[in-house]
Amino acid sequence: DLDSSFAPALLGKAEVYRITFRYDEYFRNLYIYLKTDGADAIAKTGYLETLLDNCESNFLASFSPQLDVAMEILTDLYPKESCVYSLKGLYYTYTQRFDEAQLQFQQNARENEDDIEATVTFLRFLWVAEKWKELSAEGLAAFERFPYETLFPEMACIGYYNLGDYNNALE
């Protein structure tokens, strides 16, 4: 049996189960890995983000209840970590739960208002989701917080343009 504090071995064991299609064992070991102190939030979310980016859509469809548990484990362990909010937003986007995704990205931007990446990620989500009114308002608010970042007024203009509000788009 593995030392439960040695995170790389736990993750390796979980991966062996995943690639050999032994998903019950995979998720059991994944949960142990996620709960260990042997890896930080960035390492854990990085692994899951890579998994989400590279897995087949039927994996997400088949195992979203188990992945929901993984997301909740991370939320319980790291309730204020930006990387957890971002991962959950990405996961909910991939599983087409767009309202939940928006909530995660928005909460991340609010909880970490000095983190420009959290703000950019939220605005990009609004853009992709075609939430033009929110994009306009959030783009302007972001520009007030980050007046050196020209991306934010550009995003606000895109929102206004798509709303047909050409006067504000040109200002």
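Of the 171 residues of the protein, 42% count as buried, where buried means under 20% relative accessible area, exposed means over 50%, and partly exposed lies in between (1.4 Å probe, protein chains only). The structure is a predicted model, in which local features need pLDDT of at least 70 and side-chain atom pairs count only at pLDDT 80 or more, while totals for chains, interfaces and linings use all residues. Residues are numbered from 1 along each chain as its sequence is written, and side-chain values use heavy atoms, with hydrogens and water left out.

The protein has 10 helices and 0 strands; helices (H or I, at least four residues) and strands (E, at least two) are DSSP runs, numbered from the N terminus. Read from the N terminus, the order of elements is α-α-α-α-α-α-α-α-α-α. Along the principal axes, the C-alpha atoms fill a box of roughly 65 × 30 × 20 Å. Among contacts (heavy atoms within 4.5 Å) with a separation of 6 or more, 50% are accounted for by residues 24 or more positions apart.

Helix H2 covers residues 23-35. The expected span of a helix is 1.5 Å times one less than its number of residues. The buried residues of H2 are Tyr-23, Tyr-26, Phe-27, Asn-29, Leu-30, Tyr-31, Tyr-33 and Leu-34. Their cover includes helix H1 (7-19), helix H3 (41-54) and helix H4 (57-77). In H1 lies Lys-13, which is partly exposed because its relative accessible area is 26%. The C-alpha atoms of Lys-13 and Glu-25 are separated by 9.1 Å, the two residues being 12 residues apart along the chain.

H4 also packs against helix H5 (residues 82-94), at an angle of about 165° and with the axes 11 Å apart. Axes are lines fitted to C-alpha atoms, for helices over the stretch in contact, and angles run from 0 to 180 degrees between N-to-C directions. Angles under 35 degrees count as roughly parallel, over 145 as roughly antiparallel, 65 to 115 as roughly perpendicular and the rest as oblique. H4 and H5 are therefore roughly antiparallel to each other. Their crossing is left-handed, a term used if the near helix is turned anticlockwise from the far one by less than a right angle, with right-handed used if clockwise. On the H4 side the contact is made by Leu-60, Ser-64, Leu-67, Asp-68, Met-71, Glu-72, Leu-74 and Thr-75, and on the H5 side by Val-84, Leu-87, Lys-88, Tyr-91, Tyr-92 and Tyr-94. By class, the contact of H4 with H5 holds 9 nonpolar, 2 polar and 3 charged residues. Here Ala, Val, Leu, Ile, Met, Phe, Trp, Tyr, Cys and Pro count as nonpolar, Asp, Glu, Lys and Arg as charged, and the others, Gly among them, as polar.

The loop between H5 and H6 contains Gln-96. Its phi is near 60°, a positive value in a residue other than glycine. Most residues other than glycine have a negative phi. With a relative accessible area of 60%, Gln-96 is exposed.

Helix H6 (residues 98-111) and helix H7 (residues 116-128) cross at roughly 155°, and their axes come within 8 Å. That angle makes H6 roughly antiparallel to H7. This crossing is left-handed. Phe-98, Ala-101, Gln-102, Phe-105, Gln-106, Asn-108, Ala-109 and Arg-110 of H6 meet Ala-118, Thr-119, Thr-121, Phe-122, Phe-125 and Leu-126 of H7. The contact of H6 with H7 divides into 8 nonpolar, 5 polar and 1 charged residues.

Two residues of this contact were examined individually. Gln-106, in H6, counts as partly exposed because its relative accessibility is 25%. Beyond residues up to four places away in sequence, Gln-106 touches Phe-122 and Glu-138. Thr-119, in H7, counts as buried at 3% relative accessibility. Apart from neighbours within four places in sequence, Thr-119 is in contact with Ala-109, Glu-113, Ala-142, Arg-145, Phe-146 and Phe-152.

Glu-130 lies in the loop between H7 and helix H8 (132-145). Phi of Glu-130 is near 55°, a positive value in a residue other than glycine. At 55% relative accessibility, Glu-130 is exposed.
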